[in-house]
Amino acid sequence: MTQKELQLSEKEIKVMIEQLELEIASLEESAAPVAPENSIGRISRMDAINNKSVIEASLRNRKRKLSKLHLSLTKIRQPGFGICVSCKKNINPKRLMLLPESDKCVRCA
Ligand SMILES: [Zn+2]
């Protein structure tokens, strides 16, 4: 990857991190503890609990993605970033953002 491509990727990663952080913040708000049974009734409490687990699953998902992006940001500054360890060719930048821990291209992985 060229210096310019690296800078572009870095910028893109930062934007993605910002977006994810916003999403996580609003999801955390919606995942607030479910109110006690007597205040909202049994059925809606069940709904709230179901809803909560959906929110928590997507929170976990986003947090995993966020930590990968942070990892990408660290790795992007290291020499040899984006080069396949097997064939020494450039790794597709999109692949790097989804799987920053990978040091091989799609063909070699
Ligand atoms: Zn390769």
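Which residues does Leu73 touch, not counting residues up to four places away in sequence? In this predicted model, Leu73 touches Glu10, Ile13, Lys14 and Ile17 when residues up to four places away in sequence are not counted.

**How H1 and H3 are arranged**

Helix H1 covers residues 3–30 and helix H3 covers residues 42–75, and their axes come within 9 Å of each other and cross at roughly 155 degrees. Because an angle over 145 degrees counts as roughly antiparallel, H1 is roughly antiparallel to H3. The crossing in which H1 passes H3 is left-handed.

On the side of H1, the residues that take part in this contact include Glu10, Ile13, Lys14, Ile17, Leu20 and Ile24, while on the side of H3 they include Ile55, Leu59, Leu66, Leu69 and Leu73. Taken by type, the residues of the contact of H1 with H3 divide into eleven nonpolar, four polar and eight charged.

**Helix H3 and its buried residues**

The length of H3 can be checked by simple reasoning: at 1.5 Å a residue, its 34 residues should span 50 Å, and the C-alpha atoms at its ends are 49 Å apart, which agrees. Within H3, the residues Ile55, Leu59, Leu66, Leu69, Ser72 and Leu73 are buried, and the buried residues of this helix pack against H1 and against helix H4, which covers 93–98.

**Three residues in detail**

The table sets out the relative accessibility of three residues.

| Residue | Relative accessibility | Class |
|---|---|---|
| Leu73 | 11% | buried |
| Glu10 | 17% | buried |
| Lys88 | 61% | exposed |

Glu10 lies in helix H1, and because buried means under 20% relative accessible area, its value of 17% places Glu10 among the buried residues. Leaving out residues up to four places away in sequence, Glu10 touches Leu73, Ile76 and Arg77.

Lys88 sits in the loop between H3 and H4, where it counts as exposed at 61% relative accessibility. Although Lys88 is not a glycine, it has a positive phi of about 65 degrees.

Notes: Residues are numbered from 1 along each chain as its sequence is written. This is a predicted model: local features need pLDDT of at least 70, side-chain atom pairs count only at pLDDT 80 or more; totals for chains, interfaces and linings use all residues. Side-chain values use heavy atoms; hydrogens and water are left out. Axes are lines fitted to C-alpha atoms, for helices over the stretch in contact, and angles run from 0 to 180 degrees between N-to-C directions. Helices (H or I, at least four residues) and strands (E, at least two) are DSSP runs, numbered from the N terminus. Angles under 35 degrees count as roughly parallel, over 145 as roughly antiparallel, 65 to 115 as roughly perpendicular and the rest as oblique. A crossing is left-handed if the near helix is turned anticlockwise from the far one by less than a right angle, and right-handed if clockwise. Contact means heavy atoms within 4.5 Å. Ala, Val, Leu, Ile, Met, Phe, Trp, Tyr, Cys and Pro count as nonpolar, Asp, Glu, Lys and Arg as charged, and the others, Gly among them, as polar. The expected span of a helix is 1.5 Å times one less than its number of residues. Buried means under 20% relative accessible area, exposed over 50%, partly exposed in between (1.4 Å probe, protein chains only).
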